Amino acid sequence: MAEPLSAEAAATLRALLAGSDPVRSALLAQIPHTRVVGRCGCGCVTVDLEVDRTAVAPAPAHPNPAVDAGYYAPHSAGVMVFAKGGYLSLLEIYSVSDEPITAWPDPCFIER
Ligand SMILES: [Zn+2]
């Protein structure tokens, strides 16, 4: 399975990776070359990612998650970006309630 990033997932990644940090900048540059290769089984919008490594350079070494953020109310959720070997590998959203998050909240609600 491989499919393009949804516009909502891409917008979320762009918002999370904004700024001048070299790791985030490198991961941001990978977004146009990133595909969705898997999904979470719980029904949430978490996506496994794969980057075309021939098209773009890896990020410098960094701890995981590369980004860990939350959302302002009314969204009870957090979101994390993971990378493996310098390439985007997972965009994970998690709920702080019992219900899975089934749609990406508007990135304007991201709290960093
Ligand atoms: Zn899930």
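Reply: Before the charged pairs, a definition: a salt bridge here is a side-chain nitrogen of Lys or Arg within 4 Å of a carboxyl oxygen of Asp or Glu. Please also keep in mind that this is a predicted model.

Me: OK, how many salt bridges does that rule give?

Reply: The count comes to 2 salt bridges. One of them joins Glu3 to Arg39, with the closest N and O atoms 2.6 Å apart. Glu3 belongs to strand S1 (residues 3–4) and Arg39 to strand S2 (residues 34–39), so this pair ties together parts that are 36 residues apart in sequence.

Me: Which side chain meets Arg35 in a salt bridge?

Reply: That is Glu50, and the N to O distance is 2.7 Å. Since Glu50 sits in strand S3 (residues 47–51) and Arg35 in strand S2, the pair ties together parts that are 15 residues apart in sequence. Glu50 is partly exposed at a relative accessible area of 38%, and Arg35 is partly exposed at 39%.

Me: Switching to the metal, what coordinates the zinc ion?

Reply: The zinc ion is coordinated by the SG atoms of Cys40, Cys42 and Cys44, at 2.2 Å, and along the chain these donors follow the spacing C-x1-C-x1-C. Water is not among the atoms, so a site like this may look incomplete.

Me: Is Cys44 buried or exposed?

Reply: Cys44 counts as buried, at 10% relative accessibility, whereas Cys42 is partly exposed, with a relative accessible area of 46%.

Me: Now the sheet: what is the strand order?

Reply: It is an open sheet of 7 strands in the order S1-S2-S3-S6-S5-S4-S7, with antiparallel pairing. The edge strands, each pairing on one side only, are S1 and strand S7 (110–111).

Me: Over how many bridges do S4 and S5 pair?

Reply: Strand S4 (residues 67–71) and strand S5 (residues 77–84) pair in the antiparallel sense over 4 bridges, and Ala69 stands opposite Val79 in S5.

Me: Last one, which strands does helix H1 lie across?

Reply: Helix H1 (residues 7–16) lies across S3, S4, S5, strand S6 (87–95) and S7, and runs at about 100 degrees to S6. Helix H2 (residues 22–30) lies across S2, S3, S4, S5 and S6, running at about 95 degrees to S6.

Notes. Residues numbered from 1 in each chain as written. Predicted model: local features only at pLDDT ≥ 70, side-chain atom pairs only at ≥ 80, totals over all residues. Heavy atoms only, no water. Helix = DSSP H or I, 4+ residues; strand = E, 2+ residues; numbered from the N terminus. Buried < 20%, exposed > 50% of the residue type's maximum accessible area, 1.4 Å probe, protein only. Donors = N, O, S within 2.8 Å, 3.2 Å for Na, K, Ca; no water. Pairing = 2+ DSSP bridges. Contact = heavy atoms within 4.5 Å. Axes fitted to C-alpha atoms, helices over the stretch in contact; angles between N-to-C directions.
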